[in-house]
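Okay, everyone, thanks for coming.

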Amino acid sequence: MARGWRGNPPGDDDEARQRIIDAAMRCIDLYGPHKTGLSDVAAELGITRQTVYRLYPSTDDLLLAVATEAVDVYLDRLAAHVAELTDPGDAVVESIAYTVERLPQERFLGLLLNTGRAETFRTGVTSPEALAFGHSMLARTNIDWAAHGYDHKALDGLVQFGVRVLQSLVLDPLPRQSPMQLREFLQRWLAPAIRSTTRPNAQMAT
């Protein structure tokens, strides 16, 4: 670990991981996501490929780490996009539709899709990290979930349901649907399920 790093080795593995992620972002900017590999990142940092492999065993692992790094920035933008929505069904529908539209264009967040690594997205979207993404997405809306009858267990269920809907729409898009048609589809089939879940608990609280 002390060798390489252009004479400035990191203090620990956490710092090393962050430097590798930052270098991967620079390489993606320079070469594009399709042509960036672990060797490029190692060369950018002045370290061996084995050093990168030790912390990120594959390019997919590194790209997933880069995408995760981009999550907070994206969530802030998504929160601003749905800030005026107060209905739980509307907020979830718009969050999913907006993410489906934006993901292929997001330089870092959409890396796994843009580089053809859909299988990694298929297995990773229901990982603990993906579920944490879903919880953060709901928490940053202006919806009072507790007032609508959603306790922590119910939110867990909603997040799992939502990320699976998102996974399906991303990996197997609805044929030839406009953004408006996508929202109409989700409003017809997804939003009622969310609203029907909220009604009994919300009524009991009043």
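Let's start at Thr-141, which you'll find in the loop between helix 9 (128–139) and helix 10 (152–171). This is a predicted model, by the way, so keep that in mind throughout. Now, is Thr-141 buried or exposed? Its relative accessibility is 8%, and buried means under 20%, so Thr-141 counts as buried. And what does its side chain meet there? The side chains of Thr-141 and Trp-145 are joined by a polar contact of 3.3 Å. There's also a polar atom of the Thr-141 side chain that sits 3.4 Å from the backbone nitrogen of Ile-143.

Okay, let's zoom out. How many helices and strands does the protein have? The count is 12 helices and 0 strands, and the pattern along the sequence is α-α-α-α-α-α-α-α-α-α-α-α. There are 206 residues in the protein, and 42% of them are buried. If you take the contacts with a separation of 6 or more, 66% of those come from residues 24 or more positions apart.

Next, the inside. In soluble globular proteins, nonpolar side chains tend to be buried together. Here, the largest nonpolar core has 57 residues, and the ones touching the most other members are Ile-20, Val-66, Ile-96 and Leu-186.

Let's follow Ile-20. Setting aside neighbours within four places in sequence, Ile-20 is in contact with several residues, including Trp-5, Val-41, Leu-45 and Leu-62.

Helix 1 (residues 13–31) packs against helix 4 (residues 59–69) at an angle of about 90°, and the axes are 10 Å apart. Angles of 65 to 115 degrees count as roughly perpendicular, so that's what we call helix 1 relative to helix 4. Who makes the contact? On the helix 1 side, Ile-20 is among them, along with Ile-21 and Ala-24. From helix 4, the contributors include Leu-62 and Val-66.

Last stop: two arginines with a positive phi, even though neither is a glycine. Arg-6 has a phi of about 55° and lies in the segment before helix 1. Arg-176 has a phi of about 50°, and its place is in the loop between helix 10 and helix 11 (179–189). Are they buried or exposed? Arg-6 is exposed, with a relative accessible area of 60%, and Arg-176 is exposed too, at 81%.

That's my tour, thanks!

How values were computed
Residues are numbered from 1 along each chain as its sequence is written. This is a predicted model: local features need pLDDT of at least 70, side-chain atom pairs count only at pLDDT 80 or more; totals for chains, interfaces and linings use all residues. Side-chain values use heavy atoms; hydrogens and water are left out. Helices (H or I, at least four residues) and strands (E, at least two) are DSSP runs, numbered from the N terminus. Buried means under 20% relative accessible area, exposed over 50%, partly exposed in between (1.4 Å probe, protein chains only). A polar contact is a pair of N or O atoms within 3.5 Å; within protein, one must be able to donate a hydrogen and the other to accept it, and residues adjacent in sequence count only if both atoms are side-chain atoms. Contact means heavy atoms within 4.5 Å. A nonpolar core is a set of buried Ala, Val, Leu, Ile, Met, Phe, Trp, Tyr and Cys residues joined through side-chain atoms within 4.5 Å. Axes are lines fitted to C-alpha atoms, for helices over the stretch in contact, and angles run from 0 to 180 degrees between N-to-C directions. Angles under 35 degrees count as roughly parallel, over 145 as roughly antiparallel, 65 to 115 as roughly perpendicular and the rest as oblique.
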